[in-house]
Amino acid sequence: IGICLFVMDSCLLCLIFSLVTGVAKCIEDDHRVNGTHHHDYCILGAGPAGLQMGYFLSKAKRDHIILERNSGPGSFFHKYPRHRKLISINKIHTGRQNREFNLRHDWNSLLSDKPELLFRQVSRDFYPPADAFPRYLSMYEMELGLRVQYGVDIRRIRAVVASSGRRYVLTDQHAKEYTCSVLLVATGLWVPQEVDFVGSDLVEGYESISTNSEDYKNQAVLILGKGNSAFETAQSILGHASRVHMVSRSPVRLAWQTHYVGDLRAVNNELIDTYQLKSLDGLVEASLERIVIVQQKEDGRRKSNKVSEKKGQLFVTINKYMRNQSENNKSDVTAEDLLGYHIDNFSMRKPYDRVIRCLGFRFNFSIFDRPYRSRFAKLFDDAMMVTPNTVVHLATCVLNKRLRHSGCVSVRAVHHLLEQRHHRTPWPSTPLSTTQLLSAILKRVGEASGPYQMFEILGDVILLRGSYCQYVEEFPLQALPQFSSLSGHEVSEHGLVILVMQYGKKKIDYLGAGRAVTDWSKAWKSNFLHPVLYYYDTLPTEMKRRPHGWPLPRPKAIHHMVEDFLTEWDGPISHIQPLRRFLEHCVNTDLRAFYAESCFRLSLTHRMPPLFCRQGYLKQQGIAQKNKGIHFHFTQPASGEQHADTSSASAAFPNYIAQAGASMSSGLKLDL
């Protein structure tokens, strides 16, 4: 299961899951060393990330503690989003009973071994109320008996190097200390983002504004920012404010265009309608560092015969027009300092009653000791590096596009990394006979939630071993060069195949005619989410040299499965046959399925029958034909045979597929 922690709120909250780790291993059995509480793992924060990691550590029977400064889990959601509606979808009715498939459309539930422990138990709304999320987290914690200690406010974190290795010392508000070998910071982004400019003291913050729309009656409001928190605020006051303007450096990024759920969602974009239909509201682009918010000095030099300006109204100008640059108090200005005096059609020349800052949130680095703080901040901005003795930030979703493509992995992937690094437990894998590979891939692309939601971030790695292979699910693509050391699996001379979900790279009109590709022979032109398979004969070692916009380096061969309107990718001609031919090229083996009669004939006439016959018919397995109707199925492998469940997809194709006449995979490109 992939995106187990995909919870977005209306203020573009992105739940950051940060990992601080050293090479030290705890060697004491006693949890109190010199009066200090010691654990192998300390999790800071009892939000969704912290509780999810707590579940995995409990399941693995690892010594850990979750420290939360508030009295209950998910305290962020008691206040945010301010207008109390989440934008993480809660689609209950999918028409399917497959739990893995349903998690593709459930962005709130956490993972557990209890199938009924889902978010739908506390809310059935498609866009749930924010208050439901802490209730769900409380239920999750109590049902699973997670080890959470509330009322612990960690004020300081420092690293200590001892003879046994590096440790992290956490000090709370009562000067009590906790030490650990591995520290997981799951506090999220909760410090309001601010921009320093002249007049910023006149601006109200999203964290403290009134949520009563009546308080904005007939007021002109300027909102700084164009993210979900900004549009959420604008939408709540549209019916009462006289006009609402929004300003930021960049144009609006619409989620349905960027395919990033942290960008502006349609549920919050009513102001775009009123802007484009010319109903007093509007969007402006300007650098916030250059603007100045001022209250005009009351003198006789400026009188407006068009509008009577109210006392205390705020004006917007640009710092280069401020004449008295040496004055500390620049809120005291005259008409000549205002941009409207110089440019009579300046878009923000009219005064505002309120200016509201809605710029999202940032991570709080202040709890780290100063030398370690700068190191953590640097790695927070850099690409994800998974190496010992470093700070590794791992997130489910981030505001910054660059970070989203470098550091996002599921909490379960973080746990697998920890298990391999500290306990030498290899990343879970499924052994498959090569003849089962096609069915396994079709099953994953049809139901897997991790690669589907975290496209181009998590991918399935298939290690080819000749007559069999190992299937490794949901590995972070950015860490692919360190695959062997992080997963505990070696790449053989047969190479590997990586399954990734990705969108097309061509900019198109996503609502225009011709936006979708349906011809399987042009699958590489697919624009919407679709599976892509990369074949490498050796493990890629350099991610920086990958082509622009690609999630992976240039492969030996690549195959695109043509986009599917139903996102099922089960068409015999459009999807299955081209995929089979690509896999046959990768493994250099005939992967077709045969009836027992055909296997018998081929065994008599060929020195080396097809692999399916060797692994099936010759071991008393195969495809049965009954009552004139054709029933395709795999029988159970013989005892000791490496296998996996392939009941949901068949590798056999009816005879009419031959009419397609394709001799090569539609998405196969060998001359890259």
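# Briefing on selected helices, strands and salt bridges

The 13 residues of helix α10 (residues 411-423) should span 18 Å at 1.5 Å a residue, and the 17 Å between its end C-alpha atoms agrees with this; the expected span is 1.5 Å times one less than the number of residues. Helices (H or I, at least four residues) and strands (E, at least two) are DSSP runs, numbered from the N terminus. This is a predicted model, in which local features need pLDDT of at least 70, side-chain atom pairs count only at pLDDT 80 or more, and totals for chains, interfaces and linings use all residues. Residues are numbered from 1 along each chain as its sequence is written, and side-chain values use heavy atoms, with hydrogens and water left out.

**Helix α10**

- Helix α10 is mostly covered, with 12 of its 13 residues buried (buried means under 20% relative accessible area, exposed over 50%, partly exposed in between; 1.4 Å probe, protein chains only).
- Among the buried residues of α10 are Val-411, Leu-417 and His-422.
- Arg-424 follows α10 and has a positive phi, near 55°.

**Strand β11**

- In strand β11 (residues 220-224), five of the five residues are buried.
- Ala-220, Leu-222 and Leu-224 lie on one side of β11, and Val-221 and Ile-223 on the other.
- β11 pairs in the parallel sense with strand β12 (residues 243-248) over five bridges; two strands pair if DSSP finds at least two bridges between them.
- Between β11 and β12 the chain passes through helix α4 (residues 228-237), in a right-handed β-α-β crossover (with the strands pointing away from the viewer, the path from the first strand over the helix to the second runs clockwise).
- β11 also pairs in the parallel sense with strand β17 (residues 354-357), over four bridges, and Leu-222 stands opposite Val-355 there.

**Salt bridges**

- The count comes to 22 salt bridges, each being a side-chain nitrogen of Lys or Arg within 4 Å of a carboxyl oxygen of Asp or Glu.
- Asp-63 and Arg-147 form a salt bridge at 3.9 Å, N to O, and this pair links parts of the chain 84 residues apart.
- Asp-63 counts as buried because its relative accessibility is 16%, whereas Arg-147, at 36%, counts as partly exposed.
- Arg-580 and Glu-584 form a salt bridge whose closest N and O atoms are 2.8 Å apart; both residues lie in helix α14 (residues 572-587), four residues apart, about one turn of the helix.
- Arg-412, Arg-444, Asp-460, Glu-473 and Glu-474 are linked in a network of salt bridges.
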